[in-house]
Amino acid sequence: MNRTPVSSSNVASVGYDPNTLTLEVEFKDGSVYQYFDVPETVYQELMRASSVGQFIHSNIRNNYRYAKV
Amino acid sequence: MPNSPTYLGTVQDVQGATISIALDKDTVSGLAFIDGHGYRIGQIGSFVRISIGFTDLFGIVSQVGAGAVPEALAKVEPYGYRWLKVQLVGEGQRSGEFKRGISQYPTIGDEAHLVTEQDLTRIYGRPDAPNFVRVGNLASAESIPALIDIDRLITRHSAVVGTTGAGKSTTVASLLVSLSDPGRYPSARIIVLDIHGEYHAALNDRATIFRVNADETHGEQPLFIPYWALSLDELLRVTPFRGLNDADRAALVEKVKQLKLASLQAQARNGVTIDTMTVDTPIPFSIHRLWYELHRYVCATHTAQGANQCDATEAIEQGSNGQPMLGDIMGVNPPRYRPITSGGPNRVYLSGALLNIRRQIMATESLLRDTRYDFMFRPGPWCPNPTFQNLDAQPAQDLDALIKSWVGGDKPITILDLSGVPVSILLDLIGVLIRLLFDALFWARYLPEGGRTRPLLFVLEEAHAYLNAGNEGAASFAARRIVKEGRKYGVGAMIVSQRPAEIDPTILSQCGTMFAMRLANATDRSHVTGTVSDNLEGLFNMLPALRTGEVIIVGEAVHLPLRALIDAPAKNRRPDSHDPKIYDPDANGGWNRQKQAENYARVLEKWRSENPRGTNNPGGNP
């Protein structure tokens with residue numbers, strides 16, 4: 001999946017696959033997580049958020065199932 | 001003997017198997033009478049006989065007139081219209097029988113003769129041989145039956161091609177009636193894949209009919225294809241689980257394997273042990289249980305986080321009776337989970353399952369609820385019905401009963417009427433059907449029930465719909481396997497199509513016998529001509545001008561290419577494929593009938609029940 005770099009204190013890059021509704025997040029420590037069943041609107045909100053790291057923490061981390069890649 | 005009445009002319013030019021004959025100046029072109037029979041001289045597709053010593057060579061007239069003049073002579077003899085071009089096809093001893101192929105060639109000056117009915121009988125006739133069936137009469141000599149060698153016809157495969165309305169279905173029906181003659185071939189075994197449900201009427205008393213939404217009052221039997229008989233790949237193709245990524249797919253394979261293993265432990269099955277079982281082995285397992293357990297694995301919520309989750313931590317809601325709402329496996333009703341919370345003492349977490357297949361699970365839920373797919377996912381006596389008390393419940397019947405009902409029934413022909421199968425899975429389903437039967441007969445090839453002792457003929461109707469070139473679907477794959485390997489295991493195919501150009505050329509070229517009916521489209525014609533081994537383009541140029549019911553048969557099942565008129569079956573044996581009448585002289589229908597009171601409520605009822613004959617709702621109005 002192609003990830004776009006974002007400017008954030010702890011997130012390095014974010015990618016999204018609309019076919020499988022998978023959000024992929026690379027953190028600054030190098031770990032990559034995939035979040036499942038994330039709607040595209042949530043991804044768009046994430047990309048517009050003033051703080052990407054905070055948005056992930058409050059809206060994604062506990063709301064979607066995930067797997068570490 | 002230039003004054004023999006059959007004398008036509010002399011050979012003037014030999015090029016391989018193509019020879020040119022100059023008609024004798026005294027030969028009348030037109031009608032000749034020999035032994036009281038009239039013969040037309042120089043008809044395309046008619047035969048000539050060339051005597052050389054003790055052998056007679058036989059050839060087919062492919063061109064007549066000025067164009068048939070050998071190129072070198074065209075300038076010298078511009079008016080050379082009295083020429084015949086002939087393709088040699090075989091030879092016969094003066095007394096012996098006719099053989100394909102030429103051992104010696106004619107040379108200049110050899111006499112060419114008209115072929116009389118007596119000669120034709122020698123070539124074609126052996127009506128008494130038990131391995132020949134009659135399909136009609138020669139178009140050129142109606143007293144001579146057109147005979148087909150059924151050994152070659154079935155094991156070397158065949159194709160019936162022709163434009164809509166040229167008489168394909170009638171030809172197939174007529175062939176099937178001859179092949180299933182209980183007096184001659186009591187153990188005949190034929191399976192017809194009938195896409196449009198045309199053959200009920202024609203073969204009613206000879207055939208068992210299997211149909212989705214069967215009308216059992218008319219003797220039809222329900223068609224079931226148990227999903228667990230499919231290989232894993234086939235199963236994935238007909239469910240929403242197609243196109244999973246590698247990790248998710250591996251997990252699914254493992255899950256199916258576990259279920260099959262549990263089933264095998266619950267009931268041993270002959271021929272397979274726990275060690276030899278694979279995920280593709282046809283062992284019953286419940287797809288409803290697979291769905292239910294995947295749902296609980298992926299969609300459940302838990303009172304513990306990630307790695308600490310187990311069955312006991314599942315946060316299932318309690319119903320009004322205080323019992324957990326576990327849902328229902330066969331009712332395709334998932335458990336109710338408590339929603340996740342973001343804090344507090346009884347915090348509820350999402351499942352930590354690492355599979356990204358939630359949407360596929362949801363789609364499977366609606367698939368299993370869709371009654372149109374019940375023939376596959378709730379296959380009657382072959383459906384395991386797990387309950388919470390008995391998760392490893394086994395189906396009432398095993399596959400042997402299914403195979404027996406298809407190829408071991410009382411009647412020689414089995415019609416699998418696929419007209420009620422949803423189009424989206426039709427192609428895969430045909431592939432599965434062929435594969436199942438082929439596998440069964442393949443592995444049983446040394447048994448009396450197997451294909452070598454009791455061969456099976458597959459009739460693939462409307463083959464262009466599922467055997468087209470470039471279609472890598474299961475149907476194409478399975479059919480290719482039959483035409484390539486079927487001969488060794490006693491499985492033959494008869495491919496019936498109106499668009500031969502759309503059929504995979506590999507499949508068409510493996511068909512040893514070709515029944516070509518009228519074909520107007522040039523692309524179709526060139527495809528058919530290209531697959532025929534004989535040098536018979538002249539004969540195939542007749543294809544656009546054939547009459548309805550007239551067929552050119554070439555290939556292995558006939559000694560010589562022959563043009564025949566197929567016997568029209570009796571009125572009660574006609575396939576249900578004739579065109580509706582726009583102008584009906586009897587005024588039973590069509591646009592010339594007086595308008596009648598119509599009831600569109602019953603139109604809607606048929607549409608909703610998806611059943612043109614009966615109704616799926618026995619309680620409803622008839």
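This is a predicted model: local features need pLDDT of at least 70, side-chain atom pairs count only at pLDDT 80 or more; totals for chains, interfaces and linings use all residues.
A few conventions come first. Residues are numbered from 1 along each chain as its sequence is written, while chains are lettered from A and ligands numbered from 1 in the order in which they are written. Local features need pLDDT of at least 70, side-chain atom pairs count only at pLDDT 80 or more, and totals for chains, interfaces and linings use all residues, with side-chain values using heavy atoms and leaving out hydrogens and water.

Let us begin with the interface. Chain A contributes 12 residues to the contact and chain B contributes 12 residues, where contact means heavy atoms within 4.5 Å. The two chains bury about 1000 Å² between them, 44% of it on carbon and sulfur atoms; buried area is the accessible area (1.4 Å probe) that two parts lose on being put together, summed over both. On the side of chain A, the residues losing the most area to chain B are A:Asp37, A:Asn62 and A:Arg65, together 54% of what that side buries.

Which side chains meet in a salt bridge? They are those of A:Asp37 and B:Arg358, at 3.8 Å, N to O. A salt bridge here is a side-chain nitrogen of Lys or Arg within 4 Å of a carboxyl oxygen of Asp or Glu. Between chain A and chain B the count is 1 salt bridge.

I turn now to helix packing. Helices are DSSP runs of H or I with at least four residues, and strands are runs of E with at least two, numbered from the N terminus. In chain B, helix H9 (residues 399-407) packs against helix H10 (residues 423-443) at an angle of about 100°, their axes 11 Å apart. Axes are lines fitted to C-alpha atoms, for helices over the stretch in contact, and angles run from 0 to 180 degrees between N-to-C directions. H9(B) and H10(B) are therefore roughly perpendicular to each other, a term for angles of 65 to 115 degrees. H9(B) supplies B:Ile403, B:Trp406 and B:Val407, and H10(B) supplies B:Leu433, B:Leu436, B:Leu437 and B:Ala440.

In chain A, helix H1 (residues 40-48) and helix H2 (residues 52-60) pack at about 145°, with axes 8 Å apart. Here A:Val42, A:Glu45 and A:Leu46 of H1(A) meet A:Val52, A:Phe55, A:Ile56 and A:Ile60 of H2(A).

Finally, B:Asn137 lies in strand E10 (residues 132-138) of chain B. Its C-alpha atom is separated by 8.3 Å from that of B:Leu147, 10 residues apart along the chain.

Methods:
Angles under 35 degrees count as roughly parallel, over 145 as roughly antiparallel, 65 to 115 as roughly perpendicular and the rest as oblique.
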